[in-house]
Amino acid sequence: MRFGVTAIVAAAALLLATPAVAAAEPSDAAPAGKAERRIRMLDFNFAGNGFNGGSTGAPVDDAVTKIYEQGAEIISLNEMCYTQWVALRDRLKAKPGYGGLTEQVVVTNHDIPNCHDADVNPGGWYVMGLLSKHPSDRVMFGDTPYLDLGYHYRQRFRKLVCGDVHVPRAAAVRACVTHTEVPLVIINEDSFPDDPDIAADTHYGRSINYAQSKLIADTITPMAARMPVALLGDLNELPFLPSLSHFYARCGGTGVFDEVDGADPRWRGNIRRWHLGTEACPHRQGEWTMGAEGLPDDYHRPYESNRKIDYIFVDRRHFRVGPASGWVVSTPHSDHRIVVGDVALKH
């Protein structure tokens, strides 16, 4: 049996059937005479194992410093040993204003050699999740505190975890964190599962990413009709590619979200040509988040080029993204940059 794009998307839809919600097109302008509460969000793929070897020293200290310096209220973290998560959480809680830090954390992999710690992490857990400066409530998906995105390639358990963050002087924000699968066909991945039918599917890697993105969008889009929703994480795809159309409300997208860097005037009239296509829409671009200073935008050489694959999306019904709402912060302790968003929550 082949698992092409159509089959996998259909299977994903069966995991959680949710009706589409048509939201009214909101204005980008601030409503006259109404105050807005600004919220600072931050997303970071910590690269805790492969890049940092499980270290709880300088990489953790640097991340804590940058989170504090940015004044982040809603924090998304990916690819961390649980030992690193605990160290970061506890050191951040010691910072002024972060004493009430809350967490929603889930395990994404087990038995990672660099992650083992007899006291803190005997199972060698790899984790991701949400930290929030304010109180947060766990969001349940059925009887579990996360949504399993399926397709556990190489035993990587891609998930969606959400928390309802009680932002002072504002409505509760449903902040969701995820990490979708790498499009394996792009990195010439040949370590396919021991299934000849799957291995023969040349679209296997991209199909998984597309199906996981669609499942996430089908899940959180109806939520945005009734409350503010933000999606943060490493989506492993360029903005103009089909997986991201499930989220974007503009430029051919079918979603209800704006990305925090999508109104930056730097992208007006900017056209990037890639091996996979053209990135011409100003609202579906953004500054690169993975790579290194000086590398080209050349997506068919993913480890020799710069790419935007880390995102902060906010729904257009409840948030307003401005020209200066999104930026990135570089760090020597990850192959990803830190994404920061400062958006207005409409009252």
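Modeller: Let us start with a term. A residue is buried when its relative accessible area is under 20%, exposed when over 50%, and partly exposed in between (1.4 Å probe, protein chains only). By that rule, 56% of the 347 residues of the chain are buried.

Biologist: What should I know about the model itself?

Modeller: This is a predicted model, in which local features need pLDDT of at least 70 and side-chain atom pairs count only at pLDDT 80 or more, while totals for chains, interfaces and linings use all residues. Residues are numbered from 1 along each chain as its sequence is written, and side-chain values use heavy atoms, with hydrogens and water left out.

Biologist: How many helices and strands does the chain have?

Modeller: Five helices and 16 strands. Both are DSSP runs, numbered from the N terminus: helices (H or I) need at least four residues, strands (E) at least two.

Biologist: Is H3 mostly covered or mostly open?

Modeller: Mostly covered, with nine of its twelve residues buried. Among them are Tyr82, Trp85, Val86 and Leu92. The cover includes helix H2 (58–70) and strands E2 (74–81), E3 (102–109) and E4 (126–132).

Biologist: What makes H2 oblique to H3?

Modeller: Their axes come within 9 Å and cross at roughly 40 degrees. Axes are lines fitted to C-alpha atoms, for helices over the stretch in contact, and angles run from 0 to 180 degrees between N-to-C directions. Under 35 degrees is roughly parallel, over 145 roughly antiparallel, 65 to 115 roughly perpendicular, and the rest oblique. The angle of H2 and H3 falls in the rest, so H2 is oblique to H3.

Biologist: Which residues of H2 and H3 meet?

Modeller: From H2, they include Val60, Ala63 and Ile67; from H3, they include Gln84, Leu88 and Leu92. Contact means heavy atoms within 4.5 Å. An α-helix has 3.6 residues a turn, so residues three or four places apart point the same way.

Biologist: How do you know that Cys81 and Cys115 form a disulfide?

Modeller: A disulfide is a pair of cysteine sulfur atoms within 2.5 Å. Here the S to S distance is 2.0 Å, so the pair qualifies. Cys81 is in strand E2 and Cys115 in the loop between E3 and E4, 34 residues apart. The angle about the S-S bond is -60 degrees, and the link of Cys81 and Cys115 is left-handed.

Biologist: Are Cys81 and Cys115 buried or exposed?

Modeller: Buried: Cys81 has a relative accessible area of 0%, and Cys115 has 1%.

Biologist: How many disulfides does a search of the whole structure find?

Modeller: Three. Another joins Cys162 to Cys176, S to S 2.1 Å. The torsion about its S-S bond is about 110 degrees, so this disulfide is right-handed. Cys162 lies in strand E7 (159–165) and Cys176 in strand E8 (173–179), so the pair ties together parts 14 residues apart in sequence.

Biologist: What makes Cys251 and Cys281 a disulfide?

Modeller: Their sulfur atoms are 1.6 Å apart, so the pair meets the cut-off. The torsion is about 40 degrees, so this disulfide is right-handed.

Biologist: Why is Arg284 called buried?

Modeller: Arg284 has a relative accessible area of 4%, so it falls below the cut-off for buried. Arg284 is found in the loop between E12 and E13. Not counting residues up to four places away in sequence, Arg284 touches residues including Phe240, Tyr248, Cys251 and Glu279.
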